[in-house]
2 protein chains.
Amino acid sequence: MSSILVVGSVALDSVKTPFGEVEDVLGGSATYFSVAASFFSQVRVVAVVGTDFTEELGAPFKRHNIDTSGLVHSEGATFRWKGEYGFDLNEAHTLDTQLNVFESFKPDIPDSYKTSEYVFLGNIDPELQLQVLDQIDKPRVVACDTMNFWIDGKVDALKKTLSRVDILIINDGETRMLADEANLVRAAHKVRAMGPRILIVKRGEYGVLMFNEDSVFGAPAFPLEDVYDPTGAGDSFAGGFMGHLAQSEGLDDSILRRSIVYGSVMASFNVEAFSLNGLGRLTKTALDERFRQFKSLTHFEAL
Amino acid sequence: MSSILVVGSVALDSVKTPFGEVEDVLGGSATYFSVAASFFSQVRVVAVVGTDFTEELGAPFKRHNIDTSGLVHSEGATFRWKGEYGFDLNEAHTLDTQLNVFESFKPDIPDSYKTSEYVFLGNIDPELQLQVLDQIDKPRVVACDTMNFWIDGKVDALKKTLSRVDILIINDGETRMLADEANLVRAAHKVRAMGPRILIVKRGEYGVLMFNEDSVFGAPAFPLEDVYDPTGAGDSFAGGFMGHLAQSEGLDDSILRRSIVYGSVMASFNVEAFSLNGLGRLTKTALDERFRQFKSLTHFEAL
């Protein structure tokens, strides 16, 4: 069974949406990613938490058999994020960010992780993403995420990272910003020329577009009656995608497409509840059933 | 061959986008609709133009064998719309609207049109939409469009129209507004309860969702490198959709889905050039080829 290494944040989130409110609940990119990926593959996490991170908070990692040898407990408080969503649920309004122990995070890859075949670099400083890659032996597939903050502030380091990754997973605004091009298709070509053979563009409630060598794949997001909390949707998508990719062992177009659908399925379960609750209560049966519904959502026949 | 009756506007548009500018070119909902639908079915148009509407301006109708017996030439000037798009091309900024002869438009359905089996009520005053329906014998399928202006100002008349239509084609913001509900899936249920068995929600560059009795269908918009002018995309979509539907003679889910893809294909050709130029130069071969590309865009296989 292939293993996936993920490096990113483990956070305590306080989130308010029109449908409820939670305080200091488990969150962070590495958390959502690894729980989603754990449905398909063995996951190893590298992140940092503070002394306030109790065993109870970390229970979901244990429950999903995620290897936390790389989860460092540092003196200080865990990274905290506080945000709010309006009725359209498309955009988070950040109310407060406390980096705490995450501010001096230097990813140190345990020896037992160094032969990981699949690597996901969560949305962290591109210089740290490079340090991670320098510590890994010979990964088969490297995927990464980034954000406007790094495109704006550390574009040179980011471009070095991009030259070493196979798959980039970002949103449409970030794609346009990175390419400095308004048309998404042209922007995708320009971003792919920076390194990643495969570009996956997330478009929130509208779904995903994947660009690779010779094809474009488009998938809508699964339409849901109950969306309670979009936090972690992108990372759950990436986790489901990488998890299924690692399970399938290949980068064929058909495997990539199916992995994207599994990613979309995981994101859809994630937003149906606050924090990790959507993924936490998920069964393999429900997951497979929604994959089938996804097929029915998008299928049409030629004459 | 089934005939489609369309009632709507024929206009002279002046449009500016980052990629060019045109003045007083052929436009209007009935125009885009009928040219797109003409690739599949016989089309009959009811609209009004002024004395400034030259034979040359009307040439595309003739070229596409569209029946213009219902195109009234009134004393005065043709409806004029002037708009501008920014780089994101998603939203038109209206600079000027001159209703002119369209202001006193009373749709008078020629006898030869009254047995039309398929009817499309373009985005006009819902009271006029009702007058059209009163003049038609026994249509098999009635579809209609509307907009925020009528939802806001004439919701009672609009609800009467909706109770008599089979298919409603509107955008996502209008769906939410009509239902007074932020969640699109819930809003769709509420709008379908107003009458239309089938609701098609247009989401611009993100594609389309269709809601009917027992299924939801989602299709992305065809990703394009060159988008010059989005004017008429929605009406070209509706035309391709209704055209193929009338050609297929049925309302099965599989026919509806395929019709939506043909609608998306027509919209994609329309936005690749100003005014009717995209549809005007289109061949049946190019149309079928893009339908196949659309299949490849959305197809994935289960394990």
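Hi everyone. A quick word on conventions: residues count from 1 along each chain as its sequence is written, while chains are lettered from A and ligands numbered from 1 in the order in which they are written. Please keep in mind that this is a predicted model, where local features need pLDDT of at least 70, side-chain atom pairs count only at pLDDT 80 or more, and totals for chains, interfaces and linings use all residues.

Let's start with the sheet in chain A. Helices (H or I, at least four residues) and strands (E, at least two) are DSSP runs, numbered from the N terminus. Nine strands make an open sheet in the order β5-β4-β1-β8-β9-β10-β11-β12-β13 (chain A), and the pairing is mixed; two strands pair if DSSP finds at least two bridges between them. At the edges stand β5 (67-73) and β13 (216-219) of chain A, each with a single partner strand, so one side of each is left without a neighbour in the sheet. On average, neighbouring strands of this sheet are turned by 15° against each other, direction ignored. Angles here run from 0 to 180 degrees between N-to-C directions, and axes are lines fitted to C-alpha atoms, for helices over the stretch in contact.

For a parallel pair, look at β1 (residues 3-7) and β4 (residues 42-49) of chain A, which share five bridges. There, A:S3 sits opposite A:Q42 in β4(A).

Now move along to β12(A). With β11(A) this strand runs antiparallel, joined by four bridges, and A:V201 has A:L209 as its bridge partner. The two strands form a hairpin with five residues between them, and A:G204 in the turn has a positive phi of about 55°. β12(A) also pairs antiparallel with β13(A) over four bridges, A:L209 standing opposite A:G218.

Which way do the side chains of β12(A) point? A:V208 and A:M210 point one way, A:L209 and A:F211 the other way, and all are buried (20 or more other C-beta atoms within 10 Å of a residue's own; exposed is 12 or fewer, partly exposed in between, with C-beta atoms placed from the backbone). In a regular strand the side chains alternate between the two faces of the sheet. Helix α9 (residues 253-270) of chain A lies across β11 (198-202), β12 (208-211) and β13 of chain A, at about 25° to β13(A).

Next, where the chains meet. The contact takes 32 residues from chain B and 32 residues from chain A, counting residues whose C-beta atoms, placed from the backbone, lie within 7 Å. On the chain B side, α11(B) gives the most, with five residues. That side divides into 17 nonpolar, seven polar and eight charged residues. Ala, Val, Leu, Ile, Met, Phe, Trp, Tyr, Cys and Pro count as nonpolar, Asp, Glu, Lys and Arg as charged, and the others, Gly among them, as polar.

Within chain B, helix α1 (residues 29-37) and helix α8 (residues 233-248) pack at an angle of about 40°, with axes 7 Å apart. That makes α1(B) oblique to α8(B) (under 35 degrees counts as roughly parallel, over 145 as roughly antiparallel, 65 to 115 as roughly perpendicular, and the rest as oblique). The residues of this contact are seven nonpolar, six polar and one charged.

Last stop: B:D226, in the loop between β13 and α8 of chain B. Is B:D226 buried or exposed? B:D226 is exposed, with 11 other C-beta atoms within 10 Å. Its C-alpha atom is separated by 8.3 Å from that of B:V271, 45 residues apart along the chain. Thanks, everyone!

Notes: Contact = placed C-beta atoms within 7 Å.
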